[in-house]
Amino acid sequence: MDPNDVLVKAETLRNSLSSGFRDEIVKSLYSEAEKIARRAVKTAQEKKYDLDQKIDRLVTSPLTGLPLMLILLGIIIWLTVSGANVVSEAIANVLFGIGGWGRALFNQIGIPWWITGFLWDGVYLGLAWVVSVMLPPMAIFFPAFTFLEDLGYLPRVAFNLDWLFKKAGAHGKQSLTMAMGFGCNAAGVVATRVIDSPRERLIAILTNNFVPCNGRFPTLIMLATVFVASAFPPALTSFAAAGAVVGVVLIGVAFTFLMSWLLSRTVLKGEASAFTLELPPYRRPNVTRILYTSIIDRTIFVLWRAMQTAAPAGAVIWILANIHIGDSNLARLIADWLNPVGLLLGLDGVILLAYIIAIPANEIVVPTMMMVYMGAGMMIDAPATSAGIYNLLVVQNGWTMLTAVNLMLFALLHNPCATTIITIYKETKSYKWAAVSVLITLGTAFIVTFLTASFARLMGWA
Amino acid sequence: MTKTNTKITLPTENCETCPAFYTLEQMGFKIGNFDRVVALAGNPNTGKSTLFNALTGLKQHTGNWPGKTVTRAEGGYQFNGVRYKLVDLPGTYSLLSASQDEEVARDFILFGQPDCTIVVTDATALERNLNLVMQVMEITDRVVVALNLMDEARRKGLEVDARSLSRDLGVPAVPISARTGEGIHTLLATVADVINGDIKTKPLRVEGTPEFQKAVRELVPMIEQLAPGVPNARWLAIRLLDGDAKVQQALLSGELAQRVARQKQADVQFSRKMSVEGRQ
């Protein structure tokens with residue numbers, strides 16, 4: 001039998017049926033469900049008021065919903081900033097101490113300088129940097145985020161932001177996938193499967209990278225702590241740093257809306273589709289599960305991934321720094337060559353080189369950057385404290401506030417990491433869209449940093 | 001012989017119905033060999049993943065927001081010596097529209113032909129949850145309804161009568177609380193009974209108008225001829241009458257027949273394995 005015959009037959013039969021036959025069936029399905037449910041469920045006593053509803057009235061109100069959200073985000077980031085700083089320094093001291101000890105040991109037993117250098121100044125240093133910079137903020141941020149997730153707060157965020165997404169011509173569920181993006185952009189891209197319409201799903205995929213993932217948070221936090229906060233009196237530093245990070249997050253959200261709006265007006269034209277969003281009841285979070293999820297699934301997972309890319313990155317930097325050409329080395333030559341572009345963007349050549357080396361996982365960009373400065377002979381010792389980092393970057397390498405601000409913007413907006421790009425390809429099954437996702441983000445990053453740099457210079461601030 | 005003769009007491013009839021008799025072994029990812037396949041369907045955020053973790057001992061990420069699971073997760077458990085593969089499907093409100101998560105759920109229930117499908121429902125919002133239960137029952141007979149979040153329902157002052165529900169739906173409904181483990185043994189015993197045929201299900205189905213029924217009856221033999229051994233020609237006929245593009249596509253491209261053939265092959269292998277291992 002030819003499949004076409006069956007389809008034709010189905011078509012004729014469908015036309016022979018009274019219009020709206022399907023509606024009838026759906027209607028009777030629903031009324032049947034209603035009847036059965038009414039028979040099975042008895043409300044024992046009418047509760048006068050429901051605590052959930054009271055909280056929801058506050059959390060999802062147009063007046064208090066958004067401010068509450070910002071306050072929560074602010075608290076989480078402040079906890080992360082103020083808690084991570086101390087621990088980071090302690091870890092850095094221990095790890096760099098071990099590095100110095102290992103190097104000394106290798107020298108003592110007569111191992112060739114290039115093996116010692118490659119292992120201890122390359123691979124090990126890369127790992128030590130990543131662990132000390134990334135582990136503490138993650139160990140604080142992830143449990144806090146998972147707590148809100150377990151509590152049932154995320155759908156309320158989606159509810160609060162729905163109207164904005166609608167205005168941008170995107171799907172309201174995009175706020176859920178965006179929230180997932182704070183955890184991991186690759187996970188956020190996979191989460192877009194909850195969006196039915198292919199057009200809106202593509203918008204959600206292409207703009208997911210504008211929210212900083214947990215891998216990029218440590219970069220932002222470190223920059224905010226070292227540079228932005230240093231412009232404030234000591235008592236206010238942690239608040240200033242947290243405020244700066246919240247500001248960057250908001251800029252990311254703003255770009256999500258802006259880009260969604262642009263896409264839905266140009267290449268992905270269409271109207272936002274309606275959907276139902278269920279606000280689940282608040283549930284008492286399960287502490288052991290939160291700890292398991294946030295420490296094992298998230299912290300260790302992200303850290304392991306970062307370490308896997310940091311070790312080879314450290315090796316590459318060491319090799320680049322130790323191939324001497326004339327009285328310079330390869331790392332320095334490349335950095336010098338990239339410098340004009342870097343300066344145009346308010347950054348410098350070393351930062352761009354670090355970004356290129358860190359493409360596999362751009363959360364390691366700050367450690368990479370430090371190592372390139374050192375490898376290129378622009379920095380002598382690995383600084384362990386934030387004051388040390390500040391001194392070395394500002395005093396020795398001429399960083400300004402513009403450098404720090406633009407680096408934060410660049411970290412927020414630039415291309416997705418390799419994993420996310422591969423995930424986008426897998427989800428869209430199209431090289432074109434994967435390439436578009438890179439071009440959009442990289443393009444935005446270049447334009448925005450170029451504009452802020454030019455503006456700051458025009459105003460004589462930098 | 002010096003061997004002491006210790007008398008082994010075999011469980012009696014009465015003992016068998018006692019929950020303590022049953023043994024549940026969480027098998028995690030060790031699902032290379034399994035005897036039965038059980039699917040977990042349900043609305044978003046009803047606790048499917050929590051139940052999945054409780055049964056398999058795995059740590060699938062759970063979170064209190066709808067749409068968390070978008071792919072299917074697989075794990076295993078052993079209950080009374082029978083090994084089950086458990087498939088956690090994405091949470092969906094219906095099986096009718098065409099978003100990817102709904103498609104994953106629907107395709108698995110239809111083509112994966114699980115031996116039993118547990119529809120996890122939120123006891124605090126039963127009416128809305130029943131829509132999906134009825135849609136699943138359109139596709140398969142072997143359904144067990146898990147009335148989850150019973151603790152929350154009680155907190156809200158709701159009393160859910162599982163017996164009335166079972167009677168009306170024609171499939172067993174078991175009150176559970178996946179978070180505390182309450183009712184899980186009964187649920188697994190019920191699933192086993194449905195698979196063995198000790199519990200006969202008779203799912204409630206919406207019949208539609210007489211003309212509609214006639215149209216369905218005309219299409220069913222044609223579909224069966226096109227894809228011999230197709231699991232549920234009636235449901236496919238309804239989808240075709242509805243103009244479901246995905247089903248039309250599957251029919252035209254021959255994908256439907258292929259999937260049926262693949263499934264049959266798996267069935268043959270399965271029964272061969274069973275006969276070798278001496279299981280029923």
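Predicted model: local features only at pLDDT ≥ 70, side-chain atom pairs only at ≥ 80, totals over all residues.
## Chain B

Chain B contains eleven helices and eight strands. Of its 280 residues, 46% are buried. When contacts between residues at least 6 apart in sequence are considered, 67% of those in chain B join residues at least 24 apart.

## Two helices in chain A

Two packed helices are described by the angle between their axes and the distance between the axes. In chain A, helix 10 (residues 217-228) packs against helix 11 (residues 237-265) at an angle of about 130°, and the axes are 8 Å apart. Helix 10 of chain A is therefore oblique to helix 11 of chain A. The crossing of helix 10 of chain A with helix 11 of chain A is right-handed.

On the helix 10 side, A:Leu220, A:Ile221, A:Ala224, A:Thr225 and A:Val228 take part in the contact. They meet A:Ala240, A:Ala241, A:Ala244, A:Val245 and A:Val248 in helix 11 of chain A. This contact has nine nonpolar residues, one polar residue and no charged residues.

## Where the chains touch

Between the chains, 50 residues of chain A are in contact with 50 residues of chain B. Elements of chain A that each supply at least two residues to its side include helix 1 (3-16), helix 5 (113-151) and helix 12 (287-322). Helix 2 of chain A gives the most, with 14 residues. By class, the chain A side divides into 27 nonpolar, five polar and 18 charged residues.

Strands also link the chains: strand 1 of chain A pairs with strand 7 (residues 158-160) of chain B in the antiparallel sense, over three bridges. Here A:Val41 stands opposite B:Val160 in strand 7 of chain B.

Key. Residues numbered from 1 in each chain as written. Chains lettered and ligands numbered in written order. Helix = DSSP H or I, 4+ residues; strand = E, 2+ residues; numbered from the N terminus. Buried ≥ 20, exposed ≤ 12 C-beta atoms within 10 Å, placed from the backbone. Contact = placed C-beta atoms within 7 Å. Axes fitted to C-alpha atoms, helices over the stretch in contact; angles between N-to-C directions. Parallel < 35°, antiparallel > 145°, perpendicular 65-115°, else oblique. Left-handed = near helix turned anticlockwise from the far one by under 90°. Nonpolar A, V, L, I, M, F, W, Y, C, P; charged D, E, K, R; others polar. Pairing = 2+ DSSP bridges.
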